[in-house]
Amino acid sequence: MYGSCSWSAPKHILEKLNICHRHHLRSILNVRWPHGMSNKTLYKTCEVIPLTDRVDLARWTMLGHVLRLPENSPAAVALTYSVDGCQSKPRLGRHQINLFNTIKTDLSNRGFNLDNLNYMFMLRDIAKTRTKWKELF
């Protein structure tokens, strides 16, 4: 799934992607109703993981790459600006679904936050060791 590391789609859209994926897997295996198969059994039989998990993994590895980049690279500068700029007053209106907020949500699910530059530098130190970074996923 090319470019899935930069997707910041809402959960209901990603769930629709999973539903479509399961539908295609069932049609490949020729599994029809009433002889159904649970989703867990389907994934185990096909030896695949849900597409939302693949998207999460791609986003996690991309964040690790960005954190390991030199500090003057464009992606690292953009991340630093986003972290430093989020201290300003929040914008009014509907919550934004963007890549930075999705990454912040991913980090908070793993017990980290990206509220200031100190946390980003701590994450950068963790990401320098790839095995430690992969264990966090």
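Helices (H or I, at least four residues) and strands (E, at least two) are DSSP runs, numbered from the N terminus. Ala-9 lies in the segment before H1. This is a predicted model, in which local features need pLDDT of at least 70, side-chain atom pairs count only at pLDDT 80 or more, and totals for chains, interfaces and linings use all residues. Residues are numbered from 1 along each chain as its sequence is written, and side-chain values use heavy atoms, with hydrogens and water left out.

**Ala-9**
- Ala-9 is partly exposed, with a relative accessible area of 31%; buried means under 20%, exposed over 50%, and partly exposed in between (1.4 Å probe, protein chains only).
- Leaving aside residues up to four places away in sequence, Ala-9 touches Leu-14 and Ile-97, contact meaning heavy atoms within 4.5 Å.

**Nonpolar core**
- The largest nonpolar core has 16 residues; such a core is a set of buried Ala, Val, Leu, Ile, Met, Phe, Trp, Tyr and Cys residues joined through side-chain atoms within 4.5 Å.
- Helices H3 (51–68), H4 (74–85), H5 (99–109) and H6 (117–127) each supply at least two residues of this core, and the largest share, 5 residues, comes from H3.
- Leu-107 is among the residues with the most contacts inside the core, and its partners beyond four places in sequence are Trp-60, Leu-63, Phe-112, Leu-114 and Leu-123.

**Helix H3**
- The buried residues of H3 include Val-55, Trp-60, Leu-63 and Leu-67.
- Their cover includes H1 (11–29), H4, H5, H6 and H7 (130–136).
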